[in-house]
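Okay, everyone, thanks for coming. I'd like to walk you through one structure today, so let me put it on the screen.

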Amino acid sequence: ASGPGGSGTTSGNGSSFIKTLSGRLTVPESFVCEWSPVQEDAVALGGSNATAKIAKVVDWALQDSVELVHPIRGQAGSTEVISLWWSHDGELVLTGTRQGELRLWNKQGKLKNILDSHRSPIVAAKWNDDCTHLLTTDVSNVVILWSTLTGTQLQHFSFTEDESAAAGGTDGPTDTDSMQQQPDSLGIALEWIETDKFVVPGPSGSLLVYTIGDNKPLGRLLGHKSTITALHFNPVTKSLLSASDDDTIKIWKGGNVNPSLDFSPHKKTISSADWLTDDLVVSTGYDGAVKVWSVSQNISICETNLDSEPIFEASLSPNKEWLAVGTLQGSAIVLDMRNCNSESLKSAYAEYQPDHDGLQVTNIAWNSHSSAFAVSYIDGTTTLLEL
């Protein structure tokens with residue numbers, strides 16, 4: 001790993017100043033990085049050769065590193081650990097290889113369970129509120145519900161565009177290797193709306209609501225027409241936010257099967273959408289736009305366009321004061337969300353530009369104090385930045 005690069009500078013742009021961020025630490029062969037949601041200095045990093053690590057960031061160097069080793073299977077280039085998720089309480093880390101094998105570790109790096117039912121790369125994982133259950137889904141549209149206490153598979157759903165498949169799941173795994181071609185992705189997001197109730201993407205843009213233990217959907221939310229790109233439940237307002245490749249965002253309330261609000265803030269695929277407040281939604285898109293929308297007023301509050309450069313990744317800080325976005329060309333841009341109005345998003349608060357152009361950002365993750373974030377790139381490097 002290379003060392004700190006400086007504290008950053010500011011550059012003038014009319015009456016506004018943009019802070020230039022310098023990489024504090026660059027970690028080679030790191031395909032994804034996630035900070036602990038509880039411990040400010042703890043990170044998990046996914047590396048090559050089927051190995052991840054948990055480490056502490058002390059004076060912008062990795063210390064007390066513990067390796068998390070998966071078995072090496074398949075050909076070279078298919079053994080990277082590309083998926084990482086911490087549990088809400090910071091006690092567990094889930095790691096996944098490009099081949100879909102998942103392993104569950106405690107925060108000290110001890111292997112707890114092997115979750116070996118997926119056969120394709122994992123695109124989303126979500127713990128329920130008390131961290132006793134875990135949902136995972138892969139690029140083949142296989143969704144699995146696990147018990148994190150025992151590591152056992154509780155439910156298995158294999159969705160296709162055949163509407164009959166939406167009627168329910170199967171009791172055991174299907175042979176996804178036998179599929180003649182890779183199906184189109186139905187969604188890259190999962191969400192819990194209660195400790196025992198969850199929402200998963202279904203065929204034709206549908207959202208299927210399930211209860212633990214029941215393979216038949218409790219309900220179906222119909223309205224989207226394409227891949228689901230974001231799902232976020234607001235427990236205060238009991239509202240579910242969903243975004244899709246069909247360029248729309250929908251808000252679902254209570255048990256209503258029809259969206260209470262439907263708006264199209266972007267001209268191209270929506271890459272992220274999240275609750276900024278109980279009323280405001282912030283979204284990013286491949287059109288290069290960042291937009292904030294009021295649910296109660298159904299109007300746009302503020303927006304900016306980052307030179308029409310596609311935004312592939314975005315992450316809202318835990319305190320919801322900062323939005324970090326990553327572009328196709330590798331820029332990491334931080335926007336100030338503290339006083340969102342028509343003027344606040346006109347210029348960036350801070351920006352980081354890697355040494356080489358064309359390094360697409362593949363993941364952005366904040367630390368628990370919203371004071372630093374990690375940016376991972378398509379070439380398999382991760383840079384840690386201090387705001």
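Start with strand 26 and strand 27 (residues 299-305): six bridges join them, and they run antiparallel. When I say strand, I mean a DSSP run of E, at least two residues long, and helices are H or I runs of at least four, all numbered from the N terminus. Two strands count as paired if DSSP finds at least two bridges between them. In this pair, W293 has S300 of strand 27 as its bridge partner. The hairpin they make has four residues between the strands, and N298 there takes a positive phi near 55 degrees.

Residues are numbered from 1 along each chain as its sequence is written, and side-chain values use heavy atoms, with hydrogens and water left out.

Now the other neighbour. Strand 25 (residues 280-285) also pairs with strand 26 in the antiparallel sense, over five bridges. T284 has V290 in strand 26 as its bridge partner. That hairpin has three residues between the strands, and G288 has a positive phi near 85 degrees.

Buried means under 20% relative accessible area, exposed means over 50%, and partly exposed is in between, using a 1.4 Å probe and protein chains only. A289, K291 and W293 point one way, V290, V292 and S294 point the other way, and all are buried.

Strand 8 (residues 81-86) and strand 9 (residues 92-97) pair antiparallel over five bridges, with V81 standing opposite T97. Five residues sit between these two strands, and G90 in the turn has a positive phi of about 70 degrees.

Two lysines are worth a stop. Most residues other than glycine have a negative phi. K238, though, has a positive phi near 55 degrees. K238 sits in the loop between strand 20 (228-234) and strand 21 (239-244), and at 51% relative accessibility it counts as exposed. K320 has a positive phi too, about 60 degrees. K320 lies in the loop between strand 28 (311-316) and strand 29 (322-327), and it's partly exposed, at 33% relative accessible area.

Let's zoom out. The chain has zero helices and 34 strands. Of its 387 residues, 53% are buried.

And how far can we trust the model? pLDDT is the predictor's confidence in each residue, from 0 to 100. The chain averages 87, and 88% of the residues score at least 70. Where pLDDT is low, the predicted coordinates should not be read in detail.

That's my tour, so over to you.

Notes: This is a predicted model: local features need pLDDT of at least 70, side-chain atom pairs count only at pLDDT 80 or more; totals for chains, interfaces and linings use all residues.
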